[in-house]
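Open the model in your viewer and keep the selection panel at hand.

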Amino acid sequence: MRTLEELKARCTVTEGGCWEFPDARTSSVWAFDHRHGAMRSMRPSRAAWTMKHGREAPKGYRYYTFCGNDECCAPDHVKAMPMTAFGAMVRRTGKWKGQTRRVLASRATGRKRSKLTPEVLHTLH
């Protein structure tokens with residue numbers, strides 16, 4: 001897939017202008033990778049952004065959709081930014097506040113990063 005028209009043809013276009021790619025969060029498309037100069041497998045949102053801009057995002061950037069539709073890969077709805085900037089935006093807007101799955105995942109990550117093991121906690125009591 002080399003053009004936005006080819007990508008759009010594989011999507012369902014909604015009234016809000018979203019290009020819904022089936023299983024966009026887990027699917028891949030075969031598209032041109034500007035960083036490596038060859039075709040490769042990538043997520044639809046990344047393919048849309050690179051086709052629109054004709055280049056890859058800077059190293060350390062990730063691709064996010066800002067329309068609220070996780071299945072969307074419309075080039076006007078995809079932005080590239082550092083993960084830290086995205087995290088700050090999520091905190092500022094409260095985008096994921098109260099989503100049980102994300103809360104539990106965050107707690108699990110915190111436990112994995114913690115140096116406090118059950119054995120250490122037992123010695124503290």
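Select H77 and show its contacts (heavy atoms within 4.5 Å): leaving aside residues up to four places away in sequence, H77 touches G16, G17, C18, Y64, T65, F66, C67 and C72. H77 sits in the loop between β5 and β6 (78-82); strands (E, at least two residues) and helices (H or I, at least four) are DSSP runs numbered from the N terminus. H77 is buried, at 17% relative accessible area, where buried means under 20% with a 1.4 Å probe and protein chains only.

The model is predicted: local features need pLDDT of at least 70, side-chain atom pairs count only at pLDDT 80 or more, and totals for chains, interfaces and linings use all residues. Residues are numbered from 1 along each chain as its sequence is written, and side-chain values use heavy atoms, without hydrogens and water.

Next, select R43, S45, R62, Y63 and Y64, which lie nearest the centre of the largest pocket among its 29 lining residues. A pocket is an open set of points on a 1 Å grid over the protein atoms alone, where a 1.4 Å probe fits, with protein on both sides within 12 Å along at least five of seven lines; lining residues have an atom within 4 Å of a point. Colour α2 (44-53), β5 (61-65), α3 (83-93) and α4 (100-113): each supplies at least two residues of this pocket's lining.

Then move to the second largest pocket. Of its 13 lining residues, W96, R102, V103, A105 and S106 are the closest to its centre. The largest share of this lining, 7 residues, comes from α4.

Conventions: Grid points are joined across faces, edges and corners, and a volume is the space filled by probe spheres set on the points. Buried means under 20% relative accessible area, exposed over 50%, partly exposed in between (1.4 Å probe, protein chains only).
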